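This briefing covers a helix and its cover, a nonpolar core and a strand hairpin. Please read it alongside the sequence and the model.

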Amino acid sequence: MADTAAHRDGNCLAGPLSEILSVEPTTAWWRCPECGQTGTLAELHVYGPDPGLTARCPGCAYIALRLVREDQHVWLTLGSGTGAFRFTTA
Amino acid sequence: MALTWRPARLLERHAQTATARTLVLSVPGWAGHLPGQHVDVRLTADDGYQAVRSYSLAAPTNGERIELGVQSVPDGEVSLYLADALPVGADVEVRGPLGNWFVWRPAQTEPALLVAGGSGVVPLAAMIGAHRRVRSRSPLHLLYSVRAPEDVWYRSLLTDDDPSLDVSIIHTRKAPPGSDRLPGRITAADLAGPAARLKPTSPVYVCGPTAFVEVVGDLLTGMGLDPATIRTERFG
C-alpha cells in the first residue's frame, strides 16, 4: 500500500488490533454515536500511521478509535475522549 | 488471535509491469488464507529501525508459499525496497492472514463484480484464482482501470478464456490501438453493463487508491446498488 497521506480504511487495522484483541476485528459491527451510521470496523476511514492510527466514521468523521504503538505498549482510545487503555505487548 | 510475526523468505520475484512486482515468499507454519486477505510485512534495519506496511495476498492458498503484489512508489521506502532491493533468499517478517471483511469465499454462488484501480487488482486476482481453482460457475466480472496497456498486471490470468470470467479494462491515459473507448477515468457508463448483470444481493469488491474507491462507490450507489453489498479496500 502506498505511503501517502490519503486515508485508508479499517481493513488495515486487522494487524495492529490483532496485538490486543483475540477475535478478528474488521467484521465487528459498529454504530456511530454521533450520526447513527452503522457498518463494520473495516469500513471506518483510517488516518495515519503517525503518530498513531485514527479511525473515523465514514459518514461524519466522528472518531471511533485511536491506536498508538510504542515499543512495549499499545494505547487504545475509544471515541474522541482522552481516556486510554495501555496494553503491554512485550 | 495472537498473531505472531513469522519469518518469511523471498523465493522468487517476477516483474508484472515496469514498476510492479510479484514476490513469492515461503512462510514456515503458514496455515492458509482466504482470497482478499492481506499480510503486514515488517522490515528491520541494522540499527533496529522497523517499518511495517500492509500488502494484499495475490494468489489463493498454496501451502507455505504466499504471493504478494508490490507496486514500487517513489515515496514509499518499504515498497521500493521490496520491489527491487530485497535479495532473493533474504528474510523479512510477516503477520497474517489479516482481515475477514474484504474476502470472497468459494462457497459464494451469486455473480460478483470486482472493480480494481491500478495495483488494487492484487486481492481481486486472488479471488479470481480461487474461483478458478474450485471451478466455480458463478459469473465474475472484473472491471480494471489502468493508465495504459503496459500497466496491466496478471495478463495471463485475465486472458485465458475462462468462460465464467469477464474482464473489461479501462484505460485512463492511453488506450490500445483499435479501442472503441476513449482514454478517461471510470464512469457510470463503464459500470452500468456489469452492474446490470448482478443480483440484488451480489457482492461488489472495490480496491484501489482512496480517490478511485470513493468515486466508484459513489457511482455504484448512484446507480441504485445497496451500499451494504459494496465492500471496499483503500490503500491510500
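Two strands pair if DSSP finds at least two bridges between them; helices (H or I, at least four residues) and strands (E, at least two) are DSSP runs, numbered from the N terminus. The model is predicted: local features need pLDDT of at least 70, side-chain atom pairs count only at pLDDT 80 or more, and totals for chains, interfaces and linings use all residues. Residues are numbered from 1 along each chain as its sequence is written, while chains are lettered from A and ligands numbered from 1 in the order in which they are written.

**Hairpin**
- Seven bridges join β3(B) and β4(B) in the antiparallel sense, and B:His38 has B:Ser56 of β4(B) as its bridge partner.
- Five residues separate the two strands of this hairpin, and B:Gly48 in the turn has a positive phi of about 95°.

**Nonpolar core**
- Among the 72 residues of the largest nonpolar core, B:Leu114, B:Val115, B:Leu124 and B:Tyr205 touch the most other members; such a core is a set of buried Ala, Val, Leu, Ile, Met, Phe, Trp, Tyr and Cys residues joined through C-beta atoms within 7 Å.
- Helix α2 (residues 121–133) of chain B gives the largest share, eight residues.

Methods. A residue is buried if 20 or more other C-beta atoms lie within 10 Å of its own, exposed if 12 or fewer, and partly exposed in between; C-beta atoms are placed from the backbone.
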